[in-house]
Amino acid sequence: MTSPVSTADFREGMARLPGAVTVITTDGPEGPAGFTASAVCSVTDSPPTVLVCMNRGSFAHRFFTGNRVLCVNVLAAEQQDVSALFASREVPMPERFERTPWQRGVTGAPCLGGALVSLDGRIVATHEVGTHSIFIVELAQVALEATEPGPGLAYFNRRYHALGAAAA
């Protein structure tokens with residue numbers, strides 16, 4: 001069955017849905033990898049679970065399915081360069097981690113320095129829909145950067161925006 005919604009209309013509609021900018025990281029038997037994403041959502045708090053969507057055609061997909069752990073790093077407003085670094089197809093995976101401070105979470109996945117929060121967990125289920133995998137991730141650690149976080153980084157209408165900045 002063909003969808004009555006065109007790909008162009010869908011993409012334009014999704015550009016108008018604001019989303020937090022995250023870098024999803026992993027490490028394990030397949031090696032380290034990371035990518036920039038906005039398709040992240042909470043699922044439940046009992047047990048603490050999130051979902052992450054990833055294109056199965058991505059070079060990094062095999063790292064996540066092989067390692068079975070990941071960390072959702074929610075970026076601060078001043079981390080646009082980190083978002084661009086992990087979105088770049090020109091920067092090799094090892095170099096991405098060399099250029100960004102990080103430490104291992106309890107699962108072994110990299111938690112990026114400066115992130116507002118790092119959600120470290122294990123992939124407990126994977127569902128395939130269209131071109132993407134939906135990873136269901138049970139959290140093992142929530143690492144908060146600070147008790148009073150600064151503005152977050154959001155993506156809306158194909159541009160970055162500071163989210164939660166103090167009103168003048």
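Reply: Start with Arg99, which counts as exposed at 53% relative accessibility. Exposed means over 50% relative accessible area, buried under 20%, and partly exposed in between (1.4 Å probe, protein chains only). This is a predicted model, where local features need pLDDT of at least 70, side-chain atom pairs count only at pLDDT 80 or more, and totals for chains, interfaces and linings use all residues. Residues are numbered from 1 along each chain as its sequence is written, and side-chain values use heavy atoms, with hydrogens and water left out.

Arg99 meets the side chain of Glu95 in a salt bridge, 3.0 Å from N to O. That term means a side-chain nitrogen of Lys or Arg within 4 Å of a carboxyl oxygen of Asp or Glu. Glu95 is partly exposed, at 31%.

The whole structure holds four salt bridges. Among them is Arg104 with Asp27, whose closest N and O atoms are 2.9 Å apart. This pair links distant parts of the chain, 77 residues apart. Arg104 sits in strand E7 (residues 102-104), Asp27 in the loop between strands E2 (22-26) and E3 (33-37). Helices (H or I, at least four residues) and strands (E, at least two) are DSSP runs, numbered from the N terminus. Asp27 is buried, at 14%, while Arg104 is partly exposed, at 48%.

Now the loop between E2 and E3 again. Arg62 forms a salt bridge with Glu30, with the closest N and O atoms 3.0 Å apart. Arg62 lies in helix H2 (residues 61-67) and Glu30 in that loop, so the pair ties together parts 32 residues apart in sequence. Arg62 is partly exposed at 42%. Glu30 is also partly exposed, at 35%.
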